[in-house]
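Colleague: Please take one residue of this model and look at it closely. Then set it against a few other parts of the chain.

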Amino acid sequence: MREDVESLDIRDVTANWVNSLVLQAQIDDRIKALADLSHTPLFFGRLDYLHAPGADQAEGAEGEQFYIGRRHVHDADGDPMVIDWRAPVSQPFYRASKKDPQDIGLRRRFGYTGGELTAYEDEHLSDPGEAAAVSKLLQQEIERPRVGPMRDIVATIQPEQDEIVRSGLSGSVCVQGGPGTGKTAVGLHRVAYLLYAHRERLARTGTLVIGPNRSFLHYIKQVLPALGELEVKQATVEDLVAGGLEIRGTDAAATAVVKGDARMAEVLRRAVRSHVTLPSEALMVVRGSRRWRVPAYELTEIVEELLARDIRYGAAREALPQRIAHTVLVRMEQAGEAPDDRVQDAVARNAAVKAAVKAIWPVVDPAKLVLRLLSDAEFLAEHAEGVLSEAEQGLLLWAKPFRSVKSAKWSAADLVLIDEAADLVDRTPSLGHVVLDEAQDLSPMQYRAVGRRCTTGSATVLGDLAQGTTPWATRSWTEALEHLGKPEAVLEELTAGFRVPREVIAYASRLLPAISPGLAAVSSVRETPGSLTVSPVPDLTAAVVDACRASLAYEGSIGLIAADERIPELARALEEAGLAYLAPGEETTAAARLTLVPASLAKGLEYDYVVLDEPAAIVAGEPDERTGLRRLYVCLTRAVSGLTALHAAPLPAALAA
C-alpha cells in the first residue's frame, strides 16, 4: 500500500503549483501513516460470522471471515485483507460474549513475540457446549513488560472500555477510573475512533489531547501514530494559555487557590467592562458641507444597548462605530439624502467617530489588565467587591508590583487569568474534540480555559478523584463539568483494574477512606503473589540502591520514585553504584531501564517494577496531609508487576492501618 502511494505521479493532475504542493503534502502524510512499526503485527484477531454482516440471516446463508487489525489493509486489487478495529464489523471482537454472541461463531486471538506469530486462541461463542474462559493471551498481553513509551491497547480493549471508545462525537464523556483501569488508553483510542468515524469534520475543526506535564505527553506520544493518526496535537494547560508569555514565578498554595477560583471570572468581567465610559458630549460628524450631530443621550443609548447584550468586549467595540454611523445615516435620510452602505462605512471610519469610539470603548490588553489587578489594590477592590474577601484580595496582590508585562514574573495561575481576560475581549476558537487527562488536578479557572477550546465541540474528561494532588483538586465531577461548560456530559466509571497487581492496589486502597471517602476501590483482575514488599530499613539510601539493582534482574522497566527533595541524594547514590538512570520523559530502552522519578512527576506513568523511597517523605513534601496522602496513592500505584516500598521513618498512619 505504501509503495502504491510512493509511485503516484501527480505532474499531470494538478492545475497549478499550489495544488501540487497541497497534494504532495497529503501524499507525504499518507506515506507516513502507512509506515511499518517494528514488533507491531498487522492483525491481532479474527472473527468468523455465522452470516455475512447485513445479509439475510436465513438458515443455510453463508458466513464471512474477517481479520481485525490496527488499520485497514487491502491487497493489490483493493480487496480488504485486514479490517480496521474501528469499523462496525470489528465491534463484536470486543463486545461479543457467550451470553451475547452477536452472530459470531468463532473469535480468534493471535499471540506475538517480537512481531512473530507464536500462538492463537479460539472461542466458539455460539457453541453452548463450550464454557466461557479467561483468555490467557489477553492476560499475557496485559502483563507484557513495558519498555519504551506507552503502547496502544487495541488488542485488549474490554467491553466496558469499548462502549466509551465508540460513544458518539456529539456528546461529552467523563471517565472516573482508578489506577490501572486504562482510562488514558481509553481516551486516546476514543480520539482514534472519532477520527475514523468523523474524519472530514474533525479535519476541519481539529482535535487536541491535554496532559498534566511534558513527561506524560512524551510517554503517550506513540499511541495515536501507531494507530495511523498523525494529526492530533498534544499540549499541557500551560501551553494552551501561554500566549507568548513565560512562566517565571510561583504562587503560594493559598494564593493559587484564590487565582484558580471560578469567582475570578466575575472579577475579570467587571474589570474588562469598567473600561467603557458613557459619553458626556455630543458627537459632530462633518461630511462634505454638512454637519451631523448625534447628541450624548443617543450615544449613551447605543453604548448601554451594547453592554446589555453582554457580547465580547472586542466585538462590541467593532460594532460601536457602525451603530453610530447608522444613527447618522438615519439623519441623512430624514434630510432627504439617499445614502447606501458605502456611506455608512465611510462615516464609521470618520476621524470624529474613531475618536469617540477610542474614548468610549478603548482597546483592552488582557495582560496589562491582569497586571493592574495584581498590582493596584484600589482597582482590585473596586472589581472584587462582594466577590472576594479582603483577605483573599490581599493574597492576590504582589508584594512588589512589576512595571510592565514583560518584566512581570507570571505564575501558571496568572496566565490562566490572562487567558480568561483574552476570551472576554475576543472569543477563543473552538476545536472539534478535546481529551483532558488527569483532569482531577485542574482548578475551576483551568477547566474554564479548556472548556473555551471546545465550546462548539465535545470533550472526553479522564481522571481519578483519589489522585488529586493539588490544593485546588476537583471535589466532584459534577462541579468540574459545570466549570468546563459540559454539564450534560455522561459520567462513566471504570472499576476493573488491568495494570496494577491485586496485592498492590489493595495496599494502596488503605488510603482511600482518608483521601476520597465513598470512592469505590479498584478491583484488580491480576493476582500476582509476591508482588508487594514493604520493609523498614536502617540505611535507606543503600537499601534503595540494592533494591534497584535487584529489580534490574527482571525483565522490563524500573521506576525509582521518591519525594522531590530526596532526588539529588538518590541520584548521587545511583551514580556511585554505577547504575545508569533516566529522567521522566526519557525513553527507556533495553540498555537503560531504570528511571529516577520525583513524586511530583509520577502521575500517569507506569513501570514494571517500582522501588518506592520513604512514603512518609512523599506525604511531608505536600502542603497538607490529605494532598500528601493522595500523592502517595499515586506513587504506590505505578507498578505493573511488583512494588518494593522501603522506609526508615514510620509509615503514615493511614497506610499502616
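Modeller: Ser-458 is buried, at a relative accessible area of 1%. Buried means under 20% relative accessible area, exposed means over 50%, and partly exposed lies in between (1.4 Å probe, protein chains only). This is a predicted model, in which local features need pLDDT of at least 70, side-chain atom pairs count only at pLDDT 80 or more, and totals for chains, interfaces and linings use all residues. Residues are numbered from 1 along each chain as its sequence is written, and side-chain values use heavy atoms, with hydrogens and water left out.

Ser-458 belongs to strand β13 (residues 458-463). Strands (E, at least two residues) and helices (H or I, at least four) are DSSP runs, numbered from the N terminus. Which partners does the side chain of Ser-458 reach? A polar atom of this side chain lies 2.6 Å from the backbone oxygen of Leu-169. The side chain of His-433 makes a polar contact with that of Ser-458, at 2.7 Å. A polar contact is a pair of N or O atoms within 3.5 Å; within protein, one must be able to donate a hydrogen and the other to accept it, and residues adjacent in sequence count only if both atoms are side-chain atoms.

Now Arg-166. Arg-166 sits in the loop between α5 (159-165) and β7 (173-177). Arg-166 is buried too, with a relative accessible area of 9%. Its side chain makes a polar contact with the side chain of Asp-162 at 2.9 Å. Beyond four places in sequence, Arg-166 touches residues including Trp-85, Arg-86, Tyr-94 and Tyr-193. The C-alpha atom of Arg-166 is 24 Å from that of Tyr-447, a residue 281 places away along the chain.

Eight of the nine residues of α21 are buried, among them Pro-444, Tyr-447 and Arg-452.

Phe-379, Leu-380, His-383 and Ala-384 are buried in α18. They lie on the same side of α18, because they cover an arc of only 115 degrees around the axis. That arc is taken over the directions from the helix axis to the C-beta atoms. An α-helix has 3.6 residues a turn, so residues three or four places apart point the same way. Exposed Glu-378 and Glu-382 sit on the face of α18 turned away from the buried side. The cover over the buried residues includes α12 (263-273), α17 (366-375) and α19 (390-396). At the start of α18, a side-chain oxygen of Asp-376 comes to within 3.1 Å of the backbone nitrogen of Glu-378. Just after α18, Gly-386 has a positive phi of about 80 degrees.

One more loop residue: Asn-350, between α15 (341-348) and α16 (351-360). Asn-350 counts as buried because its relative accessibility is 18%. Its side chain reaches the backbone nitrogen of Ala-352 at 2.8 Å. Asn-350 also touches Val-285 and Val-286, again beyond four places in sequence.

Last, the whole protein. The protein has 29 helices and 21 strands. Of its 657 residues, 51% are buried. Among contacts between residues at least 6 apart in sequence, 73% join residues at least 24 apart.

Methods
Contact = heavy atoms within 4.5 Å.
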